[in-house]
Every structure is written in C-alpha cells, then in structure tokens.
Amino acid sequence: MAMIPTSLATLGQIVSRLLEMYGLNAEAMLRRHGVDPVVLSKADARIPTQTWDLITREAAAQIPDPAFALNSARCWHPSNLGALGYAWLSSSTLRTGLGRLVRYWRLLGESSTSRLAESPAGLTLTLSRKSPDPEIDAVIVDFALSLLVDMCRMNAGSSLRPVSVHMRRARPKHSEVYQRHFGCAVHFDASEDSFTISTKDTDRQLPTSNRQIAATLDQILADRLGHLDKRDVVARCQARLFEQLVSGEVSEEAMADELHMSRRTLQRKLAEVDLTFQKLVDDTRRDLAVRHLDDPRHSITDVTFLLGFSQQSAFTRAFKRWTGMSPSEYRANNTVTT
C-alpha cells in the first residue's frame, strides 16, 4: 500500500505566522482543511502534504502579493524544524549543516528531496518537488528556498549572499523582488530549483558550532528517521547501530532479528541501495569516530570501546583506512569537520 507523504507539523507554525502577516485568519484556514492548530506544537506530529498544498492554494488566491512566500524568512525559528533545527545551529560549517539537512530531509517532508553538488562556483543545494500544479509548486519553492537561505544567514551572518539562485518558475512580473530578497542573480525558467553558496562561505567555521550537541542530536535524528518509515532499512539499522556498537556485539543476523526480517531479506534490502551490512557498520563507525574524537571529553581509548573495537590498534588501523591518518593525528590536526 502506498504511503501518504507527510510533513513535520511544527512547520505549520511558520505557515501560520506567514498567513497572519497578510491579515488572514490562520486558525480558521487550518480548521477548514481539517488541521487542529494544537497539532502544530507537537514535536512528532505530521500532516499530509496534500493538506498543505490545499492551504497554499487558498492562501495564494487571497494574498495579492505573488511573492508572499518569500517572507517565510521572517517567520521561522529553529524550533519549527524540531531537533533538526537545533542540529543545524550546532553545525560547525554551512557545508556540514547543509549535509545534515539533506541527510535528514525526509523528517521535514516526504514529498520533496534535496541533494548537494560541488561546482567551481561553490556548493549547490537542489530541491526537487513534483506536483501536478506548477503554481502551488512555485509558491512552495519560494517558501523553501527563502527559508533555507535565511537559515544559512542565521548561522553565518546576515551579510551572507548566495552566488546564485535558480528557479523553475516562469519569470514573475516583478522579478526584481527576488533579486533584492536573495541578494544575488536569480535565474528563472531554469531546469532546477537551487541556490549556490561559495566554498569560502560554506567552509568557514561558524560561531554557533557545538560538535558535542550536534553529535547527540544526530543520534536523535537517526532514530526518528528510522521510525518515520519502517521500510527505510538503512535508517533503522543506523539507529540501532548507535546503541549496539558500544557492546561490540553487532552481527547481520542479530540486526535482521531486531528488524523482524530474515537475514536474506536484510541483505536484499541493503543491496537495493548498494550497501552490505559490513559497509553500513563501517560507515557508521567512521562517522561516529570523527564525532567522538571531536569531543575532548573522550580519550582515544574511550572512543575505541564506544565503537565496539576490542583493541586500540584495531581502531587505529580502521581509522587510518577511513581518513588516511591515525586518531591522534586527526585530533591534533582537526582537519575534518562534523
């Protein structure tokens, strides 16, 4: 049975503020579409994406400003993104933050996807959303790109300017509004919806960085992603690996039992995304190793056992294979951000 795409309910707080900014009765509109406003304050609640599409259509019909959704940048707070909002604030660089955002994107909404790509111009985040109504898509992309760029500005400073913004929507009548808002060239009738930030800006250390908090929140986010869609075997495995590695008792058969499936089914599902169980364990260990080493409270011996290695020499060999340096060299140089 096909799953109905949903979005994080707390995002509705941003929508409500935006509607009220234009004099609309947000509560009444939500109720008309079957949404109890109380749900918007529940951290784990979700609302069908189709409901937001209907609300978007009604709002666009009543608001005379065709670029109204750009004002989402004035209506958000990190708490509206749940744990991901606070993990975003704790990211060491914009590159790390955007990577985290893409990794956990489905927690925000399941009707769209995002991806990152490197180019000579910088780092590009592309948003993909398919809808039978291009007018609704245009409004939602305005909302999303404006919000995402402002998130970057919250971390890196209000003077941040993207290198460029690309939008699939047709050039609006007052296109200069978009250029003023983003502070850069905006290309309409493009092949994708995206924005690019220079490498200088994406790799600059951020004053809000807190690796310890970010690592803790990553574990929470992995667990929530695993619960969001029980069919997402990778997220479910990672959520359990966070807990099981410290015991050193990680096996493919035990993981299959945890997920209530046969070992062969687990192998098949991982193969569908070009993974083996061993590679998944290896990748998870590598990610956790970097995060633990960035926490000065953990000695290298601590990290060895937190990752389920029986000897420090085994951990050192694995870490050299992952990064090209020993754990002590990594900690001294601190060249890898998390």
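Tutor: Let us start with R168, which has a relative accessibility of 36% and counts as partly exposed. This is a predicted model, in which local features need pLDDT of at least 70 and side-chain atom pairs count only at pLDDT 80 or more, while totals for chains, interfaces and linings use all residues. Residues are numbered from 1 along each chain as its sequence is written, and side-chain values use heavy atoms, with hydrogens and water left out.

Student: Why is R168 called partly exposed?

Tutor: Buried means under 20% relative accessible area and exposed means over 50%, with partly exposed in between, using a 1.4 Å probe and protein chains only. The 36% of R168 falls between those limits, and therefore R168 is partly exposed.

Student: What makes R168 and D137 a salt bridge?

Tutor: A salt bridge is a side-chain nitrogen of Lys or Arg within 4 Å of a carboxyl oxygen of Asp or Glu. The closest N and O atoms of R168 and D137 are 3.8 Å apart, so the pair meets that rule. R168 sits in the loop between β5 (164–166) and α8 (176–182), whereas D137 belongs to helix α7 (residues 134–156), so the pair ties together parts that are 31 residues apart in sequence. Helices (H or I, at least four residues) and strands (E, at least two) are DSSP runs, numbered from the N terminus.

Student: Is D137 buried or exposed?

Tutor: D137 has a relative accessibility of 6%, which is under 20%, so D137 counts as buried. Both D137 and R168 also belong to a network of salt bridges that links them with D53, R129 and D193.

Student: How do you know that R263 forms a salt bridge with E252?

Tutor: Their closest N and O atoms are 2.8 Å apart, which is within 4 Å, so this pair qualifies. R263 lies in helix α13 (residues 263–271) and E252 in helix α12 (residues 252–258), so the bridge ties together parts that are 11 residues apart in sequence. By the salt-bridge rule, the count comes to 25.
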